[in-house]
Amino acid sequence: LFRCRLDGDSCVADWQPVNLPAGQWNYYSYFFTHNDNLFFAVRRLADTVAPHQIYRMTNVGTWEHVCEMPRRLHAFGLAVMGHQLVVVGGCSDHACKRPSLSVYVIDLNDVCTGWHPLPALPCECLFPWVVAIDNTIHALGFRDSANRFSTAVLSLDMTTTASSSTTALSITSQWARNTIPQVPLAGCAPVVVNGQVVVIGGYTPGNRDDVQKSVFVYHSESGQWLPLPSLSTARR
């Protein structure tokens with residue numbers, strides 16, 4: 001891992017290597033940011049039954065332990081919405097034959113309150129891309145335990161009743177499902193631009209050689225996908 005100090009869009013210092021937390025790590029690892037801090041969710045290679053551990057990089061480049069995941073999971077997705085970390089789907093085994101429909105949330109500003117369950121997923125959701133827009137979580141580009149890619153976007157309105165505190169989190173909505181057969185979600189790269197999900201490239205599910213140049217934008221309010229100008233080169 002390397003880091004440099006930025007001033008606006010410019011790097012004002014040379015890239016410096018940063019050691020990861022001590023140990024041998026499983027390749028199912030995740031990086032995310034919150035309040036300009038870099039977080040690292042990872043499981044030790046030797047810990048066959050332990051959940052992922054979450055670390056935060058300090059200002060001096062060392063790592064401090066924040067908390068552990070709510071349970072042992074692989075192939076899950078995560079996103080940060082405000083000060084909340086949301087973990088979506090995954091499975092409890094390396095072979096991905098025991099999928100989890102569970103969704104969890106924790107307050108990164110107060111991890112002592114612990115993890116809280118959210119409404120369960122309506123279907124298996126392995127290796128999802130998860131993005132947060134306003135108060136809604138979207139999961140896309142996922143597959144099931146039979147390795148079949150889904151042509152759906154799953155969306156959960158995270159608006160709370162009475163309180164936005166994780167200690168009193170009460171979400172009344174359930175996951176909504178929008179089917180998008182024209183969008184090659186397998187191997188795509190989704191990003192959030194101006195509050196909208198943009199899906200770049202990808203390939204046709206079931207045919208990794210059918211790589212696409214397409215770019216689509218998802219309007220979450222209407223549930224519609226619209227094409228944008230294509231890439232010059234197909235990418236996945």
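How many of the 5 residues of β7 are buried? The points below take up that strand and then its surroundings in this predicted model.

1. Strand β7. The count is 5 of 5, so β7 is largely enclosed by the rest of the structure. Its side chains divide between two directions: Gln53, Tyr55 and Met57 point one way, Ile54 and Arg56 the other, and all are buried.

2. Pairing of β7. Strand β6 is joined to β7 by 4 bridges, and the two run antiparallel. Strand β8, residues 63–68, is joined to β7 by 5 bridges, again with an antiparallel course.

3. The β7–β8 hairpin. These two strands form a hairpin with 5 residues between them. In the turn, glycine 61 has a positive phi of about 90 degrees.

4. Histidine 52. This residue lies in the loop between β6 (37–42) and β7 (53–57). Histidine 52 counts as buried because its relative accessibility is 1%, against a cut-off of under 20%. Its side chain reaches the backbone oxygen of leucine 73 at 3.4 Å.

5. Most residues other than glycine have a negative phi. Two residues deserve a check on this account. Asparagine 35 has a positive phi of about 50 degrees although it is not a glycine, and its place is in the loop between β5 (30–34) and β6. Alanine 75, also a residue other than glycine, has a phi near 55 degrees and is found in the loop between β8 and β9.

6. Exposure of these two residues. Asparagine 35 has 53% relative accessibility and therefore counts as exposed, the cut-off being over 50%. Alanine 75 has 0% relative accessibility and so counts as buried.

7. The β9–β12 sheet. An open sheet is formed by 4 strands in the order β9-β10-β11-β12, with antiparallel pairing. Its edge strands are β9 (77–81) and β12 (116–118), each of which pairs on one side only. From one strand to the next, the twist averages 25 degrees.

8. Strand β10 (residues 84–88) and strand β11 (residues 103–107) run antiparallel and are joined by 5 bridges. Within this pairing, glutamine 84 stands opposite aspartate 107 in β11.

Technical notes. Residues are numbered from 1 along each chain as its sequence is written. This is a predicted model: local features need pLDDT of at least 70, side-chain atom pairs count only at pLDDT 80 or more; totals for chains, interfaces and linings use all residues. Side-chain values use heavy atoms; hydrogens and water are left out. Two strands pair if DSSP finds at least two bridges between them. Axes are lines fitted to C-alpha atoms, for helices over the stretch in contact, and angles run from 0 to 180 degrees between N-to-C directions. Buried means under 20% relative accessible area, exposed over 50%, partly exposed in between (1.4 Å probe, protein chains only). A polar contact is a pair of N or O atoms within 3.5 Å; within protein, one must be able to donate a hydrogen and the other to accept it, and residues adjacent in sequence count only if both atoms are side-chain atoms.
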